[in-house]
Amino acid sequence: MKVRIIEPIKPPAPKRKRVCAYARVSSASEAQGESLENQTIYYRNLIEANPEYEYVGVFADYGTTGTKDERPEFQKMLALARNGEIDLILTKSISRFARNTTLVLEVVRELKELGVEVVFEKDNISSFTGDGEL
């Protein structure tokens, strides 16, 4: 009699969300530089501590206005999102993401269509929930 060993089927590992954060300060003062560094450290630690998240990076623009989208790190982050390399973007607040309402809505809507969620922590808003348009 021949014995056949049947190996159990392992369920695939759950897919981790590819997560990044965006931070920005508008002036190049020393205090603002420390604020940007603190935001960067906070988000890196937050993302890396969550086993459901895969750390993509923290994109931080220093001394740039949020009224335009001509911010190098912001554009780099959007390029990765458009390439399907980001699932979730965390940011402190709507005003850190952008200070131009039209720009915020256009970018968030585009990201949502791409399947990328944006969470504004301070405002307690997710682009994937009903309050995302507020």
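Predicted model: local features only at pLDDT ≥ 70, side-chain atom pairs only at ≥ 80, totals over all residues.

## Stop 1: the whole chain

The protein chain has a radius of gyration of 19 Å, but a compact globule of 134 residues would have one near 14 Å (this is taken over C-alpha atoms, and the globule rule is 2.2 Å times the number of residues to the power 0.38).

Residues are numbered from 1 along each chain as its sequence is written, and side-chain values use heavy atoms, leaving out hydrogens and water.

## Stop 2: the cartoon

Switch to cartoon view and you'll find 4 helices and 5 strands (DSSP runs numbered from the N terminus: helices are H or I, at least four residues; strands are E, at least two). From the N terminus on, the elements run β-α-β-α-β-α-α-β-β.

## Stop 3: the sheet

Now select the strands. They form an open sheet of 5 strands in the order β2-β1-β3-β4-β5, with mixed pairing (two strands pair if DSSP finds at least two bridges between them). At the edges sit β2 (53-62) and β5 (125-126), each pairing on one side only.

Next, pick residues 88-91 and 117-120: these are β3 and β4, paired in the parallel sense over 4 bridges. Click Leu-90, and look for its bridge partner in β4, Val-119.
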